[in-house]
Amino acid sequence: MKQLLIIVLLFVLPAISLSQVINVKDSVITGVVLKISYGFQFPEMDMKTRFGWNSGIGGEVVYKFKNNWQVGVHGQYLFGNNVKEWEKILEPLINTNGSIINIDGEGALISVEEEGYMVGVEFGKVWKFLQANSNSGVITTFGLGYMDHWIKYDVEENLVPQLEGDYIKLYDRKTSGIYLRQFIGYNFQSNTRLLNFYGGVEIVEGFTQGRRSYDLATGGPLTGSRFDMLIGIRIGWMLPFYPNKPDEFYFN
């Protein structure tokens, strides 16, 4: 899944953009803009105790107005392999030799990863500062939505029944809640629409809560309130679709 998303980001989007060459110059253009992005994120606050740095592949569909304001929806798929708590969480399954035994009586091969998602609404504006043209400049956006994250266990050949089905709820520390998101960066749309990108800093504040009524490692519920935070760098590619002609347009 992750590999497929990266392939789309790196190869398919530029190919689509090449088929839509319109040389826009001085007019602010209205229309739908599709954005695909990659973020490198560092957790802070409560999230820092559970995970290290992670990645977030994101997508947005926004409508851009004549005054360079835009509104739309935003989503991210979160993933990473820097889980800090896994040995403590799986301690009830670990024997005196430091192994988890599978149903064949052998040491199980288990990979532990962070996984999650965010989905919400966004609004923002491209400001008239450091403009390459009327559709470029500094961009700020604000978002509100729902986030969910958990610990994912992949067991080779599924030979550990304790980490399958509903039993996984005893170990995954699923957490979810409302988030706020802020982004500031630079938005560039080329005159020929062959090169459209943005990049900047994003901050996410999650007002979350543990969702498991029983956690085996702690012997009780994990339902307390949390403050999960992500700070990172995000870069992305944009595909604009303009239903209307600009006030001025030129062809090569």
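Modeller: A pocket is found on a 1 Å grid over the protein atoms alone, as an open set of points with protein on both sides within 12 Å along at least five of seven lines; lining residues have an atom within 4 Å of a point. This is a predicted model, where local features need pLDDT of at least 70 and side-chain atom pairs count only at pLDDT 80 or more, while totals for chains, interfaces and linings use all residues. Residues are numbered from 1 along each chain as its sequence is written, and side-chain values use heavy atoms, with hydrogens and water left out.

Biologist: Which residues line the largest pocket?

Modeller: Its lining consists of Trp86, Glu87, Leu90, Ile94, Gly98, Ser99, Ile100, Ala108, Leu109, Ile110 and Val112. Helix 2 (86–89) and strand 5 are the elements that give two or more residues to this lining. Helices (H or I, at least four residues) and strands (E, at least two) are DSSP runs, numbered from the N terminus. The volume of the pocket is about 150 Å³, where a volume is the space filled by probe spheres set on grid points joined across faces, edges and corners.

Biologist: How many residues of each class does the lining of the largest pocket have?

Modeller: Ala, Val, Leu, Ile, Met, Phe, Trp, Tyr, Cys and Pro count as nonpolar, Asp, Glu, Lys and Arg as charged, and the others, Gly among them, as polar. Here the lining has 8 nonpolar, 2 polar and 1 charged residues.

Biologist: In what order do the strands close into a barrel?

Modeller: Two strands pair if DSSP finds at least two bridges between them. The 8 strands of the barrel follow the order 2-3-4-5-6-7-8-11, with antiparallel pairing. Strand 5 (residues 110–127) and strand 6 (residues 137–155) are joined by 18 bridges; Val112 has Tyr153 in strand 6 as its bridge partner. Val112 also lines the largest pocket.

Biologist: Which strands form a hairpin?

Modeller: Strand 9 and strand 10 do, with 4 residues between them. Strand 9 (residues 212–215) pairs with strand 10 (residues 220–222) over 2 bridges in the antiparallel sense, and Asp215 has Gly220 as its bridge partner. In the turn, Gly219 has a positive phi of about 70°.

Definitions and conventions. On a 1 Å grid over the protein atoms alone, a cavity is a set of points where a 1.4 Å probe fits but cannot get out, and a pocket is an open set with protein on both sides within 12 Å along at least five of seven lines; lining residues have an atom within 4 Å of a point.
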